[in-house]
Every structure is written in structure tokens, then in C-alpha cells.
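Good morning, and thank you for coming. Please look at the sequence and the model on the screen, and I will then take you through them.

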Amino acid sequence: MRPYVIINAAMSADGKISTKEHRQTKISGDQDFARVDRLRADCDAVMVGIGTILADDSSLRLKNPDLIAERTAAGKTEQPMRVVIDSRARMPPDGDMFKKGTGQRVIFVAETAPPDRVAALAEKATVISAGTDKVDLTLVLDKLGEMGVKKLMVEGGATLLWSFTSQKLFDEIRIYVGALIIGGTDAPTFVDGSGFTRAEGFTRLALKNVEKIDDGLLITWHKKEE
Ligand SMILES: NC(=O)C1=CN([C@@H]2O[C@H](COP(=O)(O)OP(=O)(O)OC[C@H]3O[C@@H](n4cnc5c(N)ncnc54)[C@H](OP(=O)(O)O)[C@@H]3O)[C@@H](O)[C@H]2O)C=CC1
Ligand SMILES: Nc1nc(O)c(N)c(N[C@@H]2O[C@H](COP(=O)(O)O)[C@@H](O)[C@H]2O)n1
């Protein structure tokens, strides 16, 4: 069975998720970062696109020791599975995701990924081929389901979120809207990609909750069933 997919990201009041140089930007406050850690702890796997790794060198690990202890007490691994969507196997083998924290790392690549890079990554991670030239997210979700992932958190970035939202491959979206404006036409927004041209294609959402956190807002949407 496919996992329940929760998209979680933080954007500025003008919808940007980082700067025009794609530099990682602190949008959440302490309380929201604590919420994000809690959500990571509650999920079986946490995912980003390779663009995020190359920009941020994300570790994607659970940081709060109390949450790690809570997971182990519940018979879970210390860390949720950490997953990268990376058609061309560009994931740096010395990235923070490999250096920090314990547990399984999974890299989804395409069949056309260079074999030498796949071999190098296979020494550090479970490398799975899913899709011909580009990773196919429906195959990814099926595979993660087979691997026992029931709840998946997708953190970004903008290109991966376009694929998840345009293909309607999500259940919930949690967007933290921070009290700042970043600006810049070239700064990634919550969702980029090619965009819809017709209203019939739009991904529709159902509002579930709005909560003030730090000096911003956490908005929870569910996918609106057609
Ligand atoms: N504020 C926040 O909450 C967050 C902000 N960010 C920010 O987002 C930015 C990165 O976003 P972005 O550059 O768009 O990169 P993404 O992280 O979205 O990764 C996109 C890449 O994933 C690969 N990919 C493989 N298969 C697919 C598929 N089916 N659909 C989509 N992508 C696929 C592609 O590379 P390839 O073809 O090589 O496989 C693609 O270029 C950074 O600046 C980062 O800081 C990221 C996460 C959260
Ligand atoms: N929720 C959230 N709020 C922000 O303000 C952010 N900048 C991000 N960024 C995401 O978190 C990843 C970093 O994770 P690690 O600290 O390396 O574990 C980053 O790559 C973005 O995915 N998120």
C-alpha cells in the first residue's frame, strides 16, 4: 500500500522557500523547527529532491534526543528512513546525510544513471532504480510502501513538490508561512515546475487548520478529492 504523504515546507509571506541563489534560509522559528522535528519523528521516511541536497547539504536527521529516545522506546529505528530523489545519481557520497545520524538512506535513481556513480552511492545507501530517464514517483511510492513506509514526509524542494502536487500524489500539505519577505523572481517558490495552463488542471485543496506558531502561521490543507 502507498504511504500517506505529508508535504511540509516553510515559505516566506511572498511564497519563497529560499533565496534567489538557492541559499538555505531560516524561515521557521524555534517553535516551528521543533514541530518539524516532531513530524520527522512521527514519519517512517523523510524525502527531498536532489536539488535540495545540492543546495543545502541537508542531513534530514531527527535532532531532538528526546524524540530519538521516544522512537527507540517504541521499537523504531533512531531515525526515519532518509530518501533522496536523484535520477542521475548526483548525491555527493560525502554529504551530511551520510555523515550525520544513523539508519537507512535510500536513493532513487533512473535506469540511465551513470553506473560508476550508482556504485559509489551503493556503498553508503540503498540505491533503487525507478523510472527510465527520470525517477517515477508512483513507482517510488509503491516501492516505499513495500518497504514498510506507512507515513512519508516530503520536505521539498520546489521542483519535487511540483511533481507531487501536479500528479496529486499527496494527502496533506503543511505550509509554515514565516513573517518575512524574500523576493526575487528566481527564488524558488513553494511549488515551481512548469505550472498548469488551464483551471481544470489546478490541484485543489481543502483547508483543515490554521495555527499561529512563532510569528507566522501554519496552514494545513488536505488534497481535495475530485
Ligand atoms: N523552506 C523549505 O521548507 C524548503 C526549502 N527548500 C529549498 O528548495 C531549493 C531546492 O529546490 P529545487 O532546486 O527545486 O530542487 P528539488 O529539491 O525539488 O529537487 C529537484 C530535482 O529532483 C530530481 N528529480 C528526479 N525525479 C524527479 C521528479 N519525478 N520530479 C521532480 N524532481 C525530480 C531532478 O533532478 P534530476 O533530474 O537530476 O534527478 C530535479 O531537478 C533549495 O533552495 C532549498 O533550500 C527545500 C526544501 C524545503
Ligand atoms: N521547515 C523548514 N523551515 C525552514 O525555515 C527551512 N529552512 C527548512 N528547510 C528544510 O530543512 C532542510 C534542512 O534539514 P537539516 O537541518 O539539514 O536536517 C533543508 O534542506 C530544507 O529541506 N525547513
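Let me begin with a term: a polar contact is a pair of N or O atoms within 3.5 Å, and within protein one of the two must be able to donate a hydrogen and the other to accept it, while residues adjacent in sequence count only if both atoms are side-chain atoms. What you see is a predicted model, in which local features need pLDDT of at least 70 and side-chain atom pairs count only at pLDDT 80 or more, whereas totals for chains, interfaces and linings use all residues. Residues are numbered from 1 along each chain as its sequence is written, chains are lettered from A and ligands numbered from 1 in the order in which they are written, and side-chain values use heavy atoms, with hydrogens and water left out.

I turn now to ligand 1. An N or O atom in the side chain of R88 is 3.0 Å from an oxygen atom of ligand 1. The backbone contributes as well: a polar backbone atom of V135 is 2.9 Å from a nitrogen atom of ligand 1, and a backbone N or O atom of G157 lies 2.9 Å from an oxygen atom of that ligand. Taken alone, ligand 1 exposes 930 Å², of which the protein buries 88%; such accessible areas come from the Shrake-Rupley method with a 1.4 Å probe, and for residues only the protein chains shown count as cover.

How many residues surround ligand 1? There are 27, and the closest are S18, T52, S87, T159 and S163. Here, a residue is near a molecule or strand if one of its heavy atoms lies within 4 Å of it. By class, this shell has eleven nonpolar, ten polar and six charged residues. In this scheme Ala, Val, Leu, Ile, Met, Phe, Trp, Tyr, Cys and Pro count as nonpolar, Asp, Glu, Lys and Arg as charged, and the others, Gly among them, as polar.

Which elements supply the shell around ligand 1? β1, α2, β6 (151-156) and α7 (158-166) each give at least two residues, and α2 gives the most, with five. Helices (H or I, at least four residues) and strands (E, at least two) are DSSP runs, numbered from the N terminus.

Another backbone feature concerns L60, in the loop between α2 and α3 (65-73): the phi of L60 is positive, near 60°. Most residues other than glycine have a negative phi, and most peptide bonds are trans.

Next comes ligand 2. It is surrounded by 18 residues, the closest being T25, I27, S28, D56 and S58. A backbone N or O atom of T25 lies 2.7 Å from a nitrogen atom of ligand 2. A polar side-chain atom of S28 lies 2.7 Å from a nitrogen atom of the ligand, and a polar side-chain atom of D56 lies 2.7 Å from an oxygen atom of ligand 2. Alone, ligand 2 exposes 510 Å², and the protein buries 85% of that.

The shell around ligand 2 comprises five nonpolar, seven polar and six charged residues. At least two of its residues come from each of β1 (4-11), α1 (30-42) and α2 (50-56). The largest share, three residues, comes from α1.

Finally, let us consider the sheet. It is an open sheet of nine strands with mixed pairing, in the order β5-β4-β3-β2-β6-β1-β7-β9-β8. Its edge strands are β5 (126-129) and β8, each of which pairs on one side only. Two strands pair if DSSP finds at least two bridges between them.

How do β8 and β9 run? Strand β8 (residues 205-213) and strand β9 (residues 216-223) are antiparallel, joined by eight bridges. Opposite G216 in β9 stands I213, and opposite L217 stands K212. The two strands form a hairpin with two residues between them, and D214 in the turn has a positive phi of about 50°. Strand β7 (residues 172-177) also pairs with β9 in the antiparallel sense, over six bridges, and there I175 stands opposite I219.
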